[in-house]
Amino acid sequence: MLSFFMAIAKWLQGTWWALDISGSTWAYPFVQLTHFTGLSLWIGTNLALDFRLLGLGKKNRTAAELSTALFVWNWTGFCIAVAGGFMMFSSAATKYIPNPAFEVKLGILIPLALITHIVVQGKARVWGATQDVQPVGRFAGLFEMLLWLSVVTAAVSIPNFDVH
């Protein structure tokens, strides 16, 4: 299975955009900036809803209203983060594939956190319909926060594993 992913990684790393990113002094930092901007928007809007589910923050809106108000910004941030992350990955794909921190981040934590987020975002309209959030909503908000913290921890651990 690893050889299959490595073959795709080698092909991806040889594409014109990956070569342009890895061969430029300014392209990679710009791609990182794009990725981090998307992450800031994505994680920031996630945290706003999660904190509201926990009963923290401004209470001028219910969690349901906040979820609706942040929906477009949330998914816009996600799309920007994915685009930037894909470009970063493509510029050094063969280094990322065998990296244990990358494998945990992309193979386990992100899918789990994303599924949790979709459930929390959908159920926030029920759990947070009033100012008093249901206990399951509080737990879900905390659980989602911890999952995204785990994703960030795995991401910053990637440089610590030099697999070559």
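W75 and F78 sit three residues apart in helix α4, so about one helical turn separates them. The two rings form an edge-to-face aromatic pair, 5.2 Å centre to centre with 75 degrees between the planes. The model is predicted.

**Aromatic pairs**

- The structure holds eleven aromatic pairs.
- W42 and W148 form one of them, and this pair is edge-to-face. Its ring centres are 5.6 Å apart, and its planes make an angle of 85 degrees.
- W42 belongs to helix α3 and W148 to helix α7, so their pair ties together parts 106 residues apart in sequence.
- W42 counts as buried because its relative accessibility is 2%.
- W148 is also buried, with a relative accessible area of 9%.
- F78 has 22% relative accessibility, so F78 counts as partly exposed. The cut-off for buried is under 20%.
- Ring pairs link W42, W75, F78 and W148 into a cluster.

**Helix α3**

- Helix α3 covers residues 27–53, which makes 27 residues.
- At 1.5 Å a residue, α3 should span 39 Å.
- The buried residues of α3 are V31, H35, G38, W42, T45, N46, L49, D50, R52 and L53.
- These buried residues pack against four helices: α2 (16–22), α4 (63–91), α6 (100–127) and α7 (135–157).
- G55 follows α3 and has a positive phi, near 90 degrees.

**Helix α1**

- Helix α1 runs over residues 2–13. Its twelve residues should span 16 Å at 1.5 Å a residue, and the end C-alpha atoms are 16 Å apart, which agrees.
- M6, A9 and L12 are buried in α1. They cover an arc of only 120 degrees around the axis, so they lie on the same side of α1.
- An α-helix has 3.6 residues a turn, so residues three or four places apart point the same way.
- The opposite face, turned away from the buried side of α1, carries the exposed residues S3, K10 and W11.
- The cover over the buried residues of α1 includes α2, α4 and α5 (93–96).
- L12 is in contact with W17, A18, F86, F89 and S90, leaving aside its neighbours within four places in sequence.

**Largest nonpolar core**

- The largest nonpolar core has eleven residues: M6, A9, L12, F89, A92, A93, Y96, I97, A101, F102 and I158.
- Helices α1, α5 and α6 are the elements that give two or more residues to this core.
- Helix α1 gives the most, with three residues.
- In soluble globular proteins, nonpolar side chains tend to be buried together.

**Loop glycine G23**

- G23 is found in the loop between α2 and α3.
- G23 has a relative accessible area of 66%, so G23 is exposed.
- G23 and L149 are 126 residues apart along the chain, and 32 Å separates their C-alpha atoms.

Definitions and conventions. Residues are numbered from 1 along each chain as its sequence is written. This is a predicted model: local features need pLDDT of at least 70, side-chain atom pairs count only at pLDDT 80 or more; totals for chains, interfaces and linings use all residues. Side-chain values use heavy atoms; hydrogens and water are left out. The expected span of a helix is 1.5 Å times one less than its number of residues. Buried means under 20% relative accessible area, exposed over 50%, partly exposed in between (1.4 Å probe, protein chains only). Contact means heavy atoms within 4.5 Å. The arc is that of the directions from the helix axis to the C-beta atoms. Rings of Phe, Tyr and Trp (its six-membered ring) pair if their centres lie within 6.5 Å; planes under 30 degrees apart count as stacked, over 60 as edge-to-face and the rest as tilted. A nonpolar core is a set of buried Ala, Val, Leu, Ile, Met, Phe, Trp, Tyr and Cys residues joined through side-chain atoms within 4.5 Å.
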